[in-house]
Amino acid sequence: MLVFRRQQGESFLVGDNVEVRILEISRGQVKIGVVAPREVGIYRSEISRMNRQAAVASLEDPRVKEGAAALRRALDRREDRGT
Amino acid sequence: MAETRLLPEAPGVIYFPEGVPGFESLREFVLLQEQDLLPLVFLVSPVEPRICLPVVPIQKISPDYDVRLGDEDRAVLGLAGGEHPKILCLAVVSLGDGSQPATANLLAPIVINLKNWTARQVVQADSSYPVAAEV
(Lines give C-alpha, C1' and ligand atoms only; values in the text may rest on other atoms or scores of the structure.)
Protein backbone atom coordinates (compact mmCIF):
# COMPACT_ATOMS: atom_id res chain seq x y z
CA MET A 1 0.00 0.00 0.00
CA LEU A 2 1.27 3.42 -0.94
CA VAL A 3 1.00 5.83 1.97
CA PHE A 4 1.49 9.57 1.72
CA ARG A 5 0.17 12.79 3.18
CA ARG A 6 -2.00 15.42 1.50
CA GLN A 7 -3.30 18.70 2.78
CA GLN A 8 -6.73 20.16 2.31
CA GLY A 9 -7.04 21.42 -1.26
CA GLU A 10 -4.37 19.09 -2.63
CA SER A 11 -4.96 16.18 -4.95
CA PHE A 12 -3.33 13.14 -6.42
CA LEU A 13 -3.71 11.07 -9.57
CA VAL A 14 -4.54 7.39 -9.93
CA GLY A 15 -3.39 6.39 -13.38
CA ASP A 16 -3.64 9.03 -16.08
CA ASN A 17 -7.23 10.04 -15.73
CA VAL A 18 -8.45 9.68 -12.17
CA GLU A 19 -7.84 12.62 -9.87
CA VAL A 20 -8.63 12.50 -6.17
CA ARG A 21 -9.00 15.84 -4.40
CA ILE A 22 -8.97 16.37 -0.66
CA LEU A 23 -11.69 19.00 -0.42
CA GLU A 24 -12.13 19.42 3.29
CA ILE A 25 -10.83 17.95 6.52
CA SER A 26 -12.72 18.50 9.70
CA ARG A 27 -13.50 16.68 12.89
CA GLY A 28 -12.14 13.31 11.86
CA GLN A 29 -13.85 13.32 8.46
CA VAL A 30 -12.35 13.86 5.05
CA LYS A 31 -14.45 15.17 2.17
CA ILE A 32 -13.10 13.76 -1.06
CA GLY A 33 -13.80 14.66 -4.67
CA VAL A 34 -13.01 12.26 -7.49
CA VAL A 35 -12.68 13.33 -11.12
CA ALA A 36 -12.81 10.29 -13.36
CA PRO A 37 -14.14 9.20 -16.74
CA ARG A 38 -17.69 7.92 -16.61
CA GLU A 39 -16.68 4.31 -17.29
CA VAL A 40 -14.68 4.25 -14.07
CA GLY A 41 -17.00 3.19 -11.29
CA ILE A 42 -16.41 4.86 -7.95
CA TYR A 43 -17.99 3.25 -4.95
CA ARG A 44 -17.71 3.45 -1.23
CA SER A 45 -16.14 0.19 -0.19
CA GLU A 46 -19.03 -0.60 2.15
CA ILE A 47 -21.46 -0.69 -0.80
CA SER A 48 -19.32 -3.28 -2.60
CA ARG A 49 -18.86 -5.22 0.58
CA MET A 50 -22.60 -5.25 1.34
CA ASN A 51 -23.39 -6.46 -2.18
CA ARG A 52 -20.85 -9.26 -2.01
CA GLN A 53 -22.14 -10.23 1.40
CA ALA A 54 -25.76 -10.17 0.20
CA ALA A 55 -25.27 -12.25 -2.94
CA VAL A 56 -26.34 -15.88 -2.73
CA ALA A 57 -25.14 -18.63 -5.03
CA SER A 58 -28.55 -20.05 -5.73
CA LEU A 59 -32.21 -19.51 -4.96
CA GLU A 60 -32.05 -22.99 -3.42
CA ASP A 61 -29.82 -21.60 -0.68
CA PRO A 62 -31.79 -22.34 2.53
CA ARG A 63 -31.31 -18.74 3.63
CA VAL A 64 -33.43 -17.62 0.69
CA LYS A 65 -36.65 -19.35 1.66
CA GLU A 66 -36.16 -18.52 5.33
CA GLY A 67 -35.21 -14.96 4.49
CA ALA A 68 -38.25 -14.47 2.28
CA ALA A 69 -40.52 -15.83 5.02
CA ALA A 70 -38.88 -13.66 7.69
CA LEU A 71 -39.21 -10.61 5.46
CA ARG A 72 -42.90 -11.29 4.87
CA ARG A 73 -43.47 -11.65 8.61
CA ALA A 74 -41.62 -8.42 9.33
CA LEU A 75 -43.57 -6.52 6.69
CA ASP A 76 -46.88 -7.97 7.87
CA ARG A 77 -46.11 -6.81 11.40
CA ARG A 78 -45.45 -3.34 10.08
CA GLU A 79 -48.69 -3.27 8.15
CA ASP A 80 -50.53 -4.37 11.29
CA ARG A 81 -48.94 -1.56 13.23
CA GLY A 82 -49.78 0.88 10.48
CA THR A 83 -53.52 0.18 10.50
CA MET B 1 -53.98 -10.73 -1.31
CA ALA B 2 -52.16 -13.01 -3.70
CA GLU B 3 -49.52 -11.28 -5.72
CA THR B 4 -48.31 -13.20 -8.68
CA ARG B 5 -45.98 -10.58 -9.97
CA LEU B 6 -44.59 -7.89 -7.78
CA LEU B 7 -42.73 -5.99 -10.42
CA PRO B 8 -43.13 -5.34 -14.10
CA GLU B 9 -41.44 -7.99 -16.15
CA ALA B 10 -38.13 -6.88 -17.56
CA PRO B 11 -37.84 -7.43 -21.29
CA GLY B 12 -34.63 -9.40 -21.27
CA VAL B 13 -31.76 -7.95 -19.33
CA ILE B 14 -31.32 -5.00 -17.06
CA TYR B 15 -28.17 -3.16 -18.03
CA PHE B 16 -25.81 -1.64 -15.46
CA PRO B 17 -23.40 0.52 -17.52
CA GLU B 18 -20.91 0.53 -14.64
CA GLY B 19 -21.58 -2.93 -13.34
CA VAL B 20 -22.79 -3.55 -9.80
CA PRO B 21 -20.41 -2.50 -7.00
CA GLY B 22 -18.61 -5.60 -5.81
CA PHE B 23 -19.30 -7.24 -9.18
CA GLU B 24 -18.03 -4.57 -11.52
CA SER B 25 -17.47 -6.96 -14.41
CA LEU B 26 -21.12 -7.94 -14.46
CA ARG B 27 -23.14 -5.45 -16.46
CA GLU B 28 -26.26 -7.42 -17.24
CA PHE B 29 -28.74 -8.94 -14.85
CA VAL B 30 -32.14 -10.52 -15.18
CA LEU B 31 -34.89 -9.97 -12.65
CA LEU B 32 -36.15 -13.23 -11.22
CA GLN B 33 -39.49 -13.30 -9.44
CA GLU B 34 -40.76 -16.45 -7.79
CA GLN B 35 -44.12 -16.28 -6.19
CA ASP B 36 -43.26 -18.19 -3.04
CA LEU B 37 -40.28 -15.93 -2.39
CA LEU B 38 -42.03 -12.57 -2.78
CA PRO B 39 -41.48 -9.81 -1.81
CA LEU B 40 -37.89 -10.92 -2.32
CA VAL B 41 -36.88 -10.80 -5.95
CA PHE B 42 -33.48 -11.48 -7.40
CA LEU B 43 -31.05 -9.89 -9.77
CA VAL B 44 -29.24 -12.78 -11.37
CA SER B 45 -26.29 -12.60 -13.69
CA PRO B 46 -26.88 -14.65 -16.84
CA VAL B 47 -23.14 -15.14 -17.32
CA GLU B 48 -22.43 -15.86 -13.66
CA PRO B 49 -25.62 -17.53 -12.41
CA ARG B 50 -24.06 -18.13 -9.02
CA ILE B 51 -24.37 -14.42 -8.37
CA CYS B 52 -27.94 -13.84 -7.21
CA LEU B 53 -28.58 -10.56 -5.46
CA PRO B 54 -31.70 -10.57 -3.25
CA VAL B 55 -33.56 -7.29 -3.55
CA VAL B 56 -36.90 -5.92 -2.45
CA PRO B 57 -38.84 -2.91 -3.74
CA ILE B 58 -37.71 -0.22 -1.36
CA GLN B 59 -41.24 1.09 -0.80
CA LYS B 60 -42.08 -2.22 0.84
CA ILE B 61 -39.52 -1.55 3.54
CA SER B 62 -39.64 2.20 3.73
CA PRO B 63 -42.93 3.54 2.33
CA ASP B 64 -41.80 7.16 2.50
CA TYR B 65 -38.45 6.51 0.89
CA ASP B 66 -37.44 9.42 -1.27
CA VAL B 67 -34.68 8.58 -3.70
CA ARG B 68 -32.58 11.49 -4.91
CA LEU B 69 -30.96 11.34 -8.29
CA GLY B 70 -28.04 13.58 -9.12
CA ASP B 71 -27.07 14.76 -12.59
CA GLU B 72 -24.64 11.92 -13.00
CA ASP B 73 -27.21 9.35 -11.89
CA ARG B 74 -29.65 10.74 -14.46
CA ALA B 75 -26.98 10.68 -17.14
CA VAL B 76 -26.09 7.04 -16.47
CA LEU B 77 -29.74 6.04 -16.33
CA GLY B 78 -30.56 7.99 -19.48
CA LEU B 79 -33.18 10.14 -17.75
CA ALA B 80 -33.83 13.54 -19.22
CA GLY B 81 -33.79 16.44 -16.78
CA GLY B 82 -37.16 17.64 -15.59
CA GLU B 83 -38.87 14.51 -16.79
CA HIS B 84 -40.80 12.72 -14.07
CA PRO B 85 -38.88 9.48 -14.15
CA LYS B 86 -40.53 6.08 -14.42
CA ILE B 87 -38.18 4.23 -12.16
CA LEU B 88 -38.05 1.21 -9.94
CA CYS B 89 -36.14 1.46 -6.70
CA LEU B 90 -34.80 -1.73 -5.11
CA ALA B 91 -32.98 -2.28 -1.84
CA VAL B 92 -30.31 -4.98 -1.67
CA VAL B 93 -31.16 -7.38 1.14
CA SER B 94 -28.57 -9.24 3.18
CA LEU B 95 -30.46 -12.32 4.30
CA GLY B 96 -29.97 -13.07 7.95
CA ASP B 97 -29.20 -16.43 9.37
CA GLY B 98 -30.25 -17.81 12.73
CA SER B 99 -28.11 -15.36 14.66
CA GLN B 100 -28.26 -12.29 12.49
CA PRO B 101 -31.36 -10.47 11.25
CA ALA B 102 -31.84 -9.56 7.62
CA THR B 103 -30.85 -6.04 6.66
CA ALA B 104 -31.64 -3.85 3.70
CA ASN B 105 -29.28 -1.33 2.16
CA LEU B 106 -31.22 1.93 2.20
CA LEU B 107 -28.12 4.04 1.65
CA ALA B 108 -27.59 2.80 -1.89
CA PRO B 109 -30.74 1.65 -3.67
CA ILE B 110 -30.58 0.12 -7.11
CA VAL B 111 -32.54 2.40 -9.41
CA ILE B 112 -33.84 1.04 -12.70
CA ASN B 113 -35.12 3.28 -15.48
CA LEU B 114 -38.20 1.42 -16.66
CA LYS B 115 -38.07 3.04 -20.08
CA ASN B 116 -34.73 1.61 -21.12
CA TRP B 117 -34.09 -0.94 -18.33
CA THR B 118 -30.82 0.71 -17.47
CA ALA B 119 -29.79 0.66 -13.84
CA ARG B 120 -27.38 2.11 -11.35
CA GLN B 121 -26.77 1.66 -7.66
CA VAL B 122 -27.26 5.20 -6.43
CA VAL B 123 -25.62 6.31 -3.19
CA GLN B 124 -27.76 8.75 -1.21
CA ALA B 125 -24.68 10.66 -0.21
CA ASP B 126 -26.09 13.30 2.08
CA SER B 127 -28.84 11.23 3.58
CA SER B 128 -28.91 9.46 6.90
CA TYR B 129 -30.25 6.24 5.37
CA PRO B 130 -28.33 3.28 6.77
CA VAL B 131 -26.36 0.79 4.72
CA ALA B 132 -27.78 -2.02 6.85
CA ALA B 133 -31.29 -1.28 8.09
CA GLU B 134 -32.78 -4.13 10.05
CA VAL B 135 -35.98 -5.40 8.43
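A pocket, as the word is used here, is an open set of grid points where a 1.4 Å probe fits, with protein on both sides within 12 Å along at least five of seven lines. Keep that in mind as you look around this predicted model.

**The pocket**

The largest pocket has a volume of about 1200 Å³. Its lining takes in 35 residues, and those nearest the centre are A:Ile32, A:Ile42, A:Arg44, B:Val123 and B:Ala125. Sorted by class, the lining holds 19 nonpolar, 6 polar and 10 charged residues.

The top contributor is β3(A), which gives 5 residues to the lining of the largest pocket.

**Aromatic pairs**

Now for the rings. Across all chains, the whole structure has 3 aromatic pairs.

Are B:Phe16 and B:Phe29 buried or exposed? B:Phe16 has 1% relative accessibility, so it counts as buried, and B:Phe29, also at 1%, is buried too. In the chain A pair, A:Phe4 is partly exposed at 40% relative accessibility, and A:Phe12 is partly exposed with a relative accessible area of 26%.

The chain B pair also does some tying together. B:Phe16 sits in the loop between β1 (14-15) and β2 (28-32) of chain B while B:Phe29 is in strand β2, so the pair links parts that are 13 residues apart in sequence.

In soluble globular proteins, nonpolar side chains tend to be buried together. The largest nonpolar core here has 29 residues, and the members that touch the most others are B:Leu40, B:Phe42, B:Ile61, B:Val93, B:Ala104 and B:Leu106. Elements giving two or more residues to this core are α2 (62-82) of chain A plus β3 (41-44), β4 (52-57), α1 (58-61) and β5 (87-94) of chain B. The biggest giver is α2(A), with 4 residues.

Take a closer look at B:Leu106: leaving aside residues up to four places away in sequence, its contacts include B:Ile58, B:Ile61, B:Tyr65, B:Ala91 and B:Gln124. There's also a second, separate core of 24 residues, with B:Leu31, B:Ile51, B:Leu53 and B:Ile110 among them.

Technical notes
Residues numbered from 1 in each chain as written. Chains lettered and ligands numbered in written order. Predicted model: local features only at pLDDT ≥ 70, side-chain atom pairs only at ≥ 80, totals over all residues. Heavy atoms only, no water. Phe/Tyr/Trp six-rings, centres within 6.5 Å; stacked < 30°, edge-to-face > 60°. Buried < 20%, exposed > 50% of the residue type's maximum accessible area, 1.4 Å probe, protein only. Core = buried A, V, L, I, M, F, W, Y, C linked by side-chain atoms within 4.5 Å. Contact = heavy atoms within 4.5 Å. 1 Å grid on protein atoms, 1.4 Å probe; cavity = no way out; pocket = protein on both sides within 12 Å on 5 of 7 lines; lining within 4 Å. Points joined across faces, edges and corners; volume = space filled by probe spheres on them. Nonpolar A, V, L, I, M, F, W, Y, C, P; charged D, E, K, R; others polar.
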